[in-house]
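Student: I've got a model open and I'd like to learn how to read it. Can we go through it together?

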Amino acid sequence: MLPTLGAYEVSLIVIVSVNVMLALSLNIITGLCGQVSLGHAAFFGVGAYAAAVLGNLGVPFLVVLPLAGLVGCLLGLLVGLASLRVRADFLAITTMGVGFVFVGFVRKQNWLGAEMGLSNIPDHGLGDAGFVGVCLALVVAIALLSAYIKRSWLGFGFATVADDEDTSRTLGIDVAAYKLTAFVVGTFLAGVAGATYAYFTRFLIPGAFGFGVSISILAMVIVGGVGSIWGVIVAAVALTLLPEFIRVVNDYKIFIYGVLLVLTMRLSPGGLAGLVGQLSASRAEMPPRSAGAQP
Amino acid sequence: MLYIELALQGLVNGSMYAIVAVGLTLIYGLLRVLHVAHAGLFTLGAYITVLLTNATGSLVAGTLISMLVVGIVGMVVYRLLYEPLLAQPPYVALIASIGLFIAMEEGYRIIFGPYGNSFASTWLTERVTLGPFSMAAADVAMLLGAIVLLIFLAVLMGRTRLGMAWRATVTDPAMARSFGVDTIKVRYGIFFVASVFAAVAGSLVAVLNNLVEPTMGDVPSYKSLAIIVLGGLGNVTGTLLASLLLGVIEAYGTIYTGAYLDRDAIAFVFLIAVLMIRPQGLFGAR
C-alpha cells in the first residue's frame with residue numbers, strides 16, 4: 001500500500017520523475033551517442049504542448065503519452081538529420097538554436113496560449129496515487145530501456161560513433177543510422193516527459209521550456225557522468241532536490257547551483273560516475289591489507 | 001527612410017555583438033572552448049564602469065579602470081577554470097563556463113541588487129541630428145567605439161607579436177612552440193584582450209540603455225555563440241561580418257516576421273538555415 005501523500009510530496013515526486021526522464025532521454029543522445037545537445041527542452045516542450053492539444057481533443061491521458069512522444073520524435077528526426085550535416089560545437093549551437101526557435105514560435109501562437117500560457121489542460125483522471133504510479137513506472141521503464149540499449153549492439157554502435165565518427169565510418173558502421181536512432185529514441189522519451197509535465201501542472205508557458213531548462217538537463221547528464229545510467233539518475237534527483245534542501249538560503253540557491261557546477265567540473269570532470277570509478281580504481285590498486293593481518 | 005533607420009539600428013546592435021563575439025572567437029580559436037562566462041565579464045565591465053563613473057564623475061576614468069580590472073579577471077578565469085580542463089572533453093569546460101556565468105549573474109544580483117544601476121548624469125541620452133537622420137548620442141558612441149576597437153584589433157592581430165603568435169598558435173600549436181612562441185603567454189594575452197573588449201561592450205551598453213542589471217549578459221551570452229558559429233568558429237573577420245549581418249537581419253526581421261517569431265527565433269532560424277547550406281559557417285574554411 002502506498003502511504004498517503006501530501007500535495008507537496010506528490011509534486012516533488014512528479015518533478016523529480018520528469019527530470020530523471022529528461023536526463024535519461026538526453027543521456028541516450030549525448031551520453032551514449034556523443035551528440036551534445038543544448039536544446040533538449042524544445043522536445044520536452046513539443047511533447048507538453050502536443051499533450052495539451054490532444055488532451056483538449058478528448059484523447060485519454062494514457063493514449064496521449066505515446067502520441068506526445070511521437071510528436072517529440074518528429075522534431076527529433078529533423079534535428080537528427082541536421083546532425084548528419086553539422087558536427088560537434090556546430091551541432092551544439094544548432095540544437096541551441098532549435099530551442100530558441102521553438103520558444104520564439106510558441107510565444108507568438110495564440111492557439112498555443114502565446115505569452116499568457118495554455119491553462120485548460122484536462123485532468124488525467126488517475127488520482128494522485130495513480131499519477132505518481134505512472135510517473136515512477138515511466139522512470140523505471142526508461143532506466144531499464146537505457147540499460148538495455150547500452151548493453152545491446154545498438155549501444156556498441158552508439159559508443160563507436162561517440163568515440164570517433166570518422167573511424168566508425170571507415171569500419172563500415174552506418175553512422176547516420178545510429179545518430180538518427182539516438183535522436184529519435186531520446187526525443188520520443190523527452191516528449192513523453194513533456195506530456196507527464198503538462199498533465200501535472202495543467203498550465204504551460206513558453207518560458208518553462210527555455211534555454212535555461214536545456215542547460216539544466218545537460219548539467220544533470222554531465223554531472224552524473226556522461227553515459228552512466230545510475231550516475232545520471234542520481235545527478236538528476238540531486239540537482240532537482242538541491243534547491244529544496246537549501247531553501248534556508250533561498251536567496252543564494254541559484255548562486256550555489258552555479259558554484260556547484262563549476263566545482264564538480266573542476267574537481268571531477270568525469271562527473272559522479274568518474275569520481276566513483278576513480279575511487280574504486282585506487283582501492284583496487286592498493287595492496288590487500290587484510291591478507292597478512294588475518295590470523 | 002524607415003529602411004535606413006532600421007539598418008542603422010541593426011548596425012548599432014551588430015557592433016555590440018561584434019565587440020563581444022570577437023573575443024569569444026579569439027578564445028575559441030586558441031582553446032576550442034565555448035567561453036559562455038564571457039558574457040559575465042561583459043556585465044562585470046558594465047557594473048564597474050557605472051559605479052566608478054558615479055563615484056569619480058568621469059566616464060573615461062570609469063571605463064579605463066573597468067577595462068583593466070575585467071582584463072585581469074579574464075586571465076584569472078583562464079588560469080583557474082579553463083587551464084586545468086583543457087585535456088577534458090569540450091563539454092566539461094562548457095558546463096563549467098555556464099556554471100560560472102550563472103554564479104556571476106547571481107553574484108551581481110546579490111551584491112548590487114536586482115533592480116539595476118544607472119548613471120547619475122545622462123548627457124548620452126541626447127540625440128544627434130545629421131541632415132534627415134537622428135540617432136541617440138549613445139548609438140553614435142557605440143558605432144564609433146566599435147570602429148575604433150576593431151581598427152585596434154586589426155592592428156593588434158596583423159602587426160604585433162601577440163597577433164602573429166595567436167595566428168601561429170591557432171594554425172599549429174606544436175609548430176608555433178618549436179619556433180619559440182610562448183603559447184601559454186599567448187593564452188593570457190588573448191584572455192586579457194578579449195575580456196577588455198567585453199568590458200568596453202558592457203560599458204557601451206550601460207551607456208546605451210543607461211541601465212546596468214544582473215541579467216544584461218543573457219542575450220550576449222547565447223547570441224554571441226550563434227555569431228561565432230556563423231562566422232566560422234575562430235575566424236575573426238567572419239565573426240565581425242556575421243555580427244553586423246545578424247544585427248541588420250534582426251532589425252528587419254522583427255518588422256516583417258515579428259508576428260510569427262520573436263527576435264531570438266529570427267536570429268536562430270537564419271543561423272540554422274546557413275548551417276544547413278554551409279555546415280562550416282558563412283566564412284569558415286574546411
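**Reading the packing**

Tutor: Let's start with one residue. Leaving out residues up to four places away in sequence, Met21(A) touches Leu138(A), Val139(A), Ile142(A), Leu189(A), Val192(A) and Ala193(A). Keep in mind that this is a predicted model.

Student: Which residues have the most contacts inside the largest nonpolar core?

Tutor: Met21(A) is one of them, along with Ala23(A) and Ile95(B). That core has 191 residues, and helix α8 of chain B, residues 183–209, gives the most to it, with 16 residues.

Student: Now for the chain contact. How many residues does each chain put in?

Tutor: Chain A gives 33 residues and chain B gives 36 residues. On chain A's side, the elements that supply two or more residues are α4 (88–107), α9 (211–224) and α11 (253–267). Sorted by class, chain A's side has 23 nonpolar, four polar and six charged residues.

Student: What covers the buried residues of α11(B)?

Tutor: The cover includes α4 of chain A, together with α9 and α10 (236–256) of chain B. The buried residues of α11(B) are Asp264(B), Ala265(B), Ile266(B), Ala267(B), Phe268(B), Val269(B), Leu271(B), Ile272(B) and Leu275(B). As for its length, α11(B) runs over residues 263–277 and reaches 22 Å from its first C-alpha to its last, close to the 21 Å expected at 1.5 Å a residue.

Student: And a helix pair, say α1 and α9 of chain B: at what angle do their axes cross?

Tutor: For a pair like that, look at approach, angle and hand. The axes of α1(B) (residues 2–31) and α9(B) (residues 218–230) come within 9 Å and cross at roughly 65°, and the crossing is right-handed. From α1(B), the contact uses Tyr17(B), Val20(B), Ala21(B), Leu24(B), Thr25(B) and Tyr28(B); from α9(B), it uses Pro220(B), Lys223(B), Ser224(B), Ile227(B) and Ile228(B). By class, that makes eight nonpolar, two polar and one charged residues.

Student: One last residue. Does Trp153(A) count as buried or exposed, and why?

Tutor: Count the neighbours. Trp153(A) has 8 C-beta neighbours inside 10 Å, so this residue counts as exposed, the cut-off for that being 12 or fewer. Trp153(A) sits in helix α6 of chain A, residues 153–163.

Notes:
Residues are numbered from 1 along each chain as its sequence is written. Chains are lettered from A and ligands numbered from 1 in the order in which they are written. This is a predicted model: local features need pLDDT of at least 70, side-chain atom pairs count only at pLDDT 80 or more; totals for chains, interfaces and linings use all residues. Two residues are in contact if their C-beta atoms, placed from the backbone, lie within 7 Å. Helices (H or I, at least four residues) and strands (E, at least two) are DSSP runs, numbered from the N terminus. Ala, Val, Leu, Ile, Met, Phe, Trp, Tyr, Cys and Pro count as nonpolar, Asp, Glu, Lys and Arg as charged, and the others, Gly among them, as polar. Axes are lines fitted to C-alpha atoms, for helices over the stretch in contact, and angles run from 0 to 180 degrees between N-to-C directions. A crossing is left-handed if the near helix is turned anticlockwise from the far one by less than a right angle, and right-handed if clockwise. The expected span of a helix is 1.5 Å times one less than its number of residues. A residue is buried if 20 or more other C-beta atoms lie within 10 Å of its own, exposed if 12 or fewer, and partly exposed in between; C-beta atoms are placed from the backbone. A nonpolar core is a set of buried Ala, Val, Leu, Ile, Met, Phe, Trp, Tyr and Cys residues joined through C-beta atoms within 7 Å.
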